[in-house]
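Hello,

Here is the structure I promised to pass on to you. Have a look at it first, and my notes on what turned up follow below.

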Amino acid sequence: MTDSETPLKIAIATNDMEHLDAHFGSAKKFVVYEVTTTTTRMIEVLEFGDVTAQSGEHNSQDDRITPKVEALTGCALLFVLAIGGPSAAKVVRAGIHPIKRKDPEPISAVLEQTQTMLSGSPPPFLRKVLGRPKSDFADDYAEDMSE
């Protein structure tokens, strides 16, 4: 990490603290990391006892989503197995980009993939979060061709 590198704060939905293995609504825990191109640091574990069923069914009168979204404030990315439309909308409105994964995977693999993304050409929304200057398509193309 260089002195000027801004760490990216990410959250990972987990039920066992070892794997990305939970849907947003049913996740009992979110582990929060700061990630740079060279380092990862766990900074917080957010725990929730009152979660929705893994099927995503929940009572619309009982809002269990808003407290989770509020707790994730400051995170740029949220890795989950699944997230419903209304929950995804709340997450996006909070400035968090949800990323769905098809299958469970080790948290270490998610962190490694995030570092790889940061080392290359992050998408525009991440460049803005990281305070990196905009590049143009010619720069991105030249970088992709050199890899």
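A charge is taken to sit over a ring if NZ of Lys or CZ of Arg is within 6 Å of the ring centre and within 35 degrees of the ring normal. With that in hand, Lys68 lies over the face of Phe48, at 5.5 Å from the ring centre. Lys68 also lies over the face of Phe24, where the distance to the ring centre is 5.7 Å. Please keep in mind that this is a predicted model.

Let me step back to the overall layout. The protein has 5 helices and 7 strands, and along the sequence they follow the pattern β-β-β-β-α-β-α-β-β-α-α-α. Of its 147 residues, 37% are buried. Among contacts with a separation of 6 or more, 52% join residues 24 or more positions apart.

Now back to the rings. The whole structure holds 2 aromatic pairs. Phe24 and Phe30 form a tilted pair, 5.6 Å centre to centre with 55° between the planes. Phe30 and Phe48 form an edge-to-face pair, 5.9 Å centre to centre with 85° between the planes. Because Phe30 lies in strand S3 and Phe48 in the loop between strand S4 (40–47) and H1, this pair ties together parts that are 18 residues apart in sequence.

Leaving out residues up to four places away in sequence, Phe24 touches Phe30, Ile65, Lys68, Val69, Leu72, Leu78, Val80, Ala82, Ile83, Ser87 and Val91. In soluble globular proteins, nonpolar side chains tend to be buried together. Here, the largest nonpolar core has 35 residues, and those that touch the most other members are Ile10, Ile12, Phe24, Phe30, Leu72 and Leu78. At least two residues of this core come from each of strand S1 (8–14), strand S3 (29–35), helix H1 (65–71), strand S5 (77–80), helix H2 (85–93), H3 and helix H4 (124–130).

Which residues of H2 are buried? They are Ser87, Ala88 and Val91. The face turned away from the buried side carries the exposed residues Gly85, Pro86 and Arg93. Just after H2, Gly95 takes a positive phi of about 85°.

H3 can be read in a similar way. Its 13 residues should span 18 Å at 1.5 Å a residue, and the end C-alpha atoms are 19 Å apart, which agrees. The buried residues of H3 are Ile107, Val110, Leu111, Thr114, Gln115 and Leu118. They cover an arc of only 135° around the axis, which puts them on the same side of H3. An α-helix has 3.6 residues a turn, so residues three or four places apart point the same way. On the other side of H3, Ser108, Glu112, Thr116 and Ser119 are exposed.

One residue from each side makes the contrast plain. Thr114 is buried, with a relative accessible area of 1%. Not counting residues up to four places away in sequence, Thr114 touches Leu8, Ile10, Val35 and Phe79. Glu112, also placed in helix H3 (residues 107–119), counts as exposed at 55% relative accessibility. Glu112 and Thr39 are 73 residues apart in sequence, yet their C-alpha atoms are 9.6 Å apart in space.

Finally, a backbone detail for you to look at. Most residues other than glycine have a negative phi, and most peptide bonds are trans. Met17, however, has a positive phi, near 65°. Where does Met17 lie? Met17 is in the loop between S1 and strand S2 (19–20), and at 27% relative accessibility Met17 counts as partly exposed.

Happy browsing, and best wishes

Definitions and conventions. Residues are numbered from 1 along each chain as its sequence is written. This is a predicted model: local features need pLDDT of at least 70, side-chain atom pairs count only at pLDDT 80 or more; totals for chains, interfaces and linings use all residues. Side-chain values use heavy atoms; hydrogens and water are left out. Helices (H or I, at least four residues) and strands (E, at least two) are DSSP runs, numbered from the N terminus. Buried means under 20% relative accessible area, exposed over 50%, partly exposed in between (1.4 Å probe, protein chains only). A nonpolar core is a set of buried Ala, Val, Leu, Ile, Met, Phe, Trp, Tyr and Cys residues joined through side-chain atoms within 4.5 Å. Contact means heavy atoms within 4.5 Å. The expected span of a helix is 1.5 Å times one less than its number of residues. The arc is that of the directions from the helix axis to the C-beta atoms. Rings of Phe, Tyr and Trp (its six-membered ring) pair if their centres lie within 6.5 Å; planes under 30 degrees apart count as stacked, over 60 as edge-to-face and the rest as tilted.
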